[in-house]
Amino acid sequence: MNGPAAPAGARVSDRRSRANAFAARARRDFPALQQEVGGKPLVYLDNAASTQKPDAVIDAIADYYRHDHANVHRGMHELARRATEAYEGARRKVARFLGAADPAEVVWTRGTTEAINLVASAWGHTFLREGDEIVLSTQEHHSNLVPWQLAAARAGARLRYLELDDEGRLLLDRLPELLSPRTGMVALSHVSNALGTVNPVAEIAEQVHAAGALLLVDGAQGAPHLPIDVAALGCDFYAASGHKMCGPTGIGALWARRELLEQMEPYQGGGEMISVVERDYSTWAEVPHKFEAGTPNVAGAVGMGAAADYLTGIGHAALAEHERTVLEYALDRLAAVDGIRLFGPPADERCGVVSFLLDHAHAHDVATILDADGVAVRAGHHCAQLVMKHFGVAATSRASFYLYNGTEDVDRLVEGLDRVKAIFG
Amino acid sequence: MTEIALSSLYQQLILEHYRKPRNKGVLPGATVEVHMANPVCGDEIRLHLQLDGEERVQAATFIGQGCSISQASVSMMTVRLKGKTLDEALALAERFTEMMHGSREAARDRKLGELRALQGVSKFPVRIKCALLGFDALQEAAKRVRSQADSPAGG
């Protein structure tokens, strides 16, 4: 984008046609995208809320139920062996996807929310004491706020907040003054769900560890878009959701350093998580099973494993390049819309999320009119009320992109906004 | 969703009330004031009613922010409330709710006045809550007025 005008322009148009070819190829893998809404081909721009599912994932789940289902672990028969292998095989896939060397460091959860609740509850119970401090930011999704509020209230601990700048970046130069020997945990998002801001996790991890605290990363919006290497990120906990990365709902993963999992008290009690049960006490199973009470979501795990394979097959570098092209195009085109207010940092500091407001038209009216045109966006506070308060707004409209969105989808979005303006003037 | 549904949702009358809401502002000396919000979308209003001794609405105003449907609906509602008794106001709320749930008969009821312009909202299930926000506040206001009247300490 920085070169002389003509060649740069040519390169840009090359990149855009490559992005559209990439999106068109990907779209073929997603049956739900082969439909019309409002008489037009569906343009699905609500990926930060949940992504659509490729055949590879749908088939993996169906095949599992058609052929291999039984309860996992301890079974002495063929299907129990197959189900256990599918379940543990999926754990190895997701561990690889997150860059974790040891699959035992991956705990299956219902999603990012449960993963964070698990840490807030089990780590909190084991380690958090009165007077301790937890550092959060006002960028967080409610799922990375409320569990800590609950844990802090139980322990008598205090919450401290890292604030944002005008473009929705963390004010990291204020981190040192928030960290102290009282800090037990710092919990931050990898990527903001409301703004798309990508946070420099590795840099933060160094400071957090230097202060003797732990770092939890809410990776709900990171894992779907960025290559994840928990070792390189240097965090202590990383939480992700299956459904935001082409996998099914109701499944997610918590990666944590093994010694932390070993030290932490269990989260829930029940079958699967015990070693020996006596009348008055029990002993716990090895990690990660200690944190997986009850019959797990085996099909969900299989689906998330298939999603990890699917995305690995696409390739993180190709995905990132694609998303960057579409995002840059979207920011350019949207910035040219009259009366629009865009939130968040420049393209090189964010993932494919664009939050915006139009003069005269409320975010919900925008979403309703776009929907009538077959363009799916989200409107509201995006479970990030502190972000909304930071910008002094009640709600925004949010378009969020994924591998199957091309620049033509952005064109449809902008056409829809013209229609909003025609109605609301 | 069709073009027709969309144009029936965003009728000129609704847009006009959204752009130039009636009775917007605080009401000094209000008998009752109710704050009502939809936590899902962040729409909110504060409804002020001034009632006389016979529970008749002397004045109704609101302040608030939110989508065109919630703000136009409450604007139209305040116009319609003036001069009505609380019972009549509650009957209006009930009628309006019936219209939102698809009753054609309610939608023909002249008692609803301009509020009938909101009939199209019934075809957008996720927006019905927006249209009902003002009426939810009205119902809460009536409840408060009456519980005060019932309580021995009340006026």
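**View 1. Pairing of B:Leu47 with B:Phe62 in the predicted model.** B:Phe62 in E3(B) is the bridge partner of B:Leu47, and the model shown is a predicted one. The two strands involved, E2(B) and E3(B) (residues 57–65 of chain B), are antiparallel and joined by 8 bridges. Between these strands lie 5 residues of a hairpin, where B:Glu55 has a positive phi near 60°.

**View 2. Pairing of B:His35 with B:Arg46.** B:Arg46 in E2(B) is the bridge partner of B:His35. Strand E1 of chain B covers residues 32–38 and strand E2 of chain B covers residues 43–51; they run antiparallel, with 7 bridges between them. In a regular strand, side chains alternate between the two faces of the sheet.

**View 3. Turn of the hairpin formed by E1(B) and E2(B).** The hairpin has 4 residues between its strands. B:Gly42 lies in the turn and takes a positive phi of about 85°.

View 4. A:Thr51 sits in a loop of chain A, between strand E3 (43–44) and helix H2 (55–68). Its relative accessibility is 4%, so A:Thr51 counts as buried, the cut-off being under 20%. Beyond neighbours within four places in sequence, A:Thr51 is in contact with A:Tyr44, A:Tyr402 and A:Tyr404, and also with A:His243, A:Lys244, A:Met245 and A:Cys246.

View 5. The side chain of A:Thr51 reaches the backbone oxygen of A:His243 at 2.9 Å. A:His243 is also listed among the residues in contact with A:Thr51.

Key. Residues are numbered from 1 along each chain as its sequence is written. Chains are lettered from A and ligands numbered from 1 in the order in which they are written. This is a predicted model: local features need pLDDT of at least 70, side-chain atom pairs count only at pLDDT 80 or more; totals for chains, interfaces and linings use all residues. Side-chain values use heavy atoms; hydrogens and water are left out. Buried means under 20% relative accessible area, exposed over 50%, partly exposed in between (1.4 Å probe, protein chains only). A polar contact is a pair of N or O atoms within 3.5 Å; within protein, one must be able to donate a hydrogen and the other to accept it, and residues adjacent in sequence count only if both atoms are side-chain atoms. Contact means heavy atoms within 4.5 Å. Two strands pair if DSSP finds at least two bridges between them.
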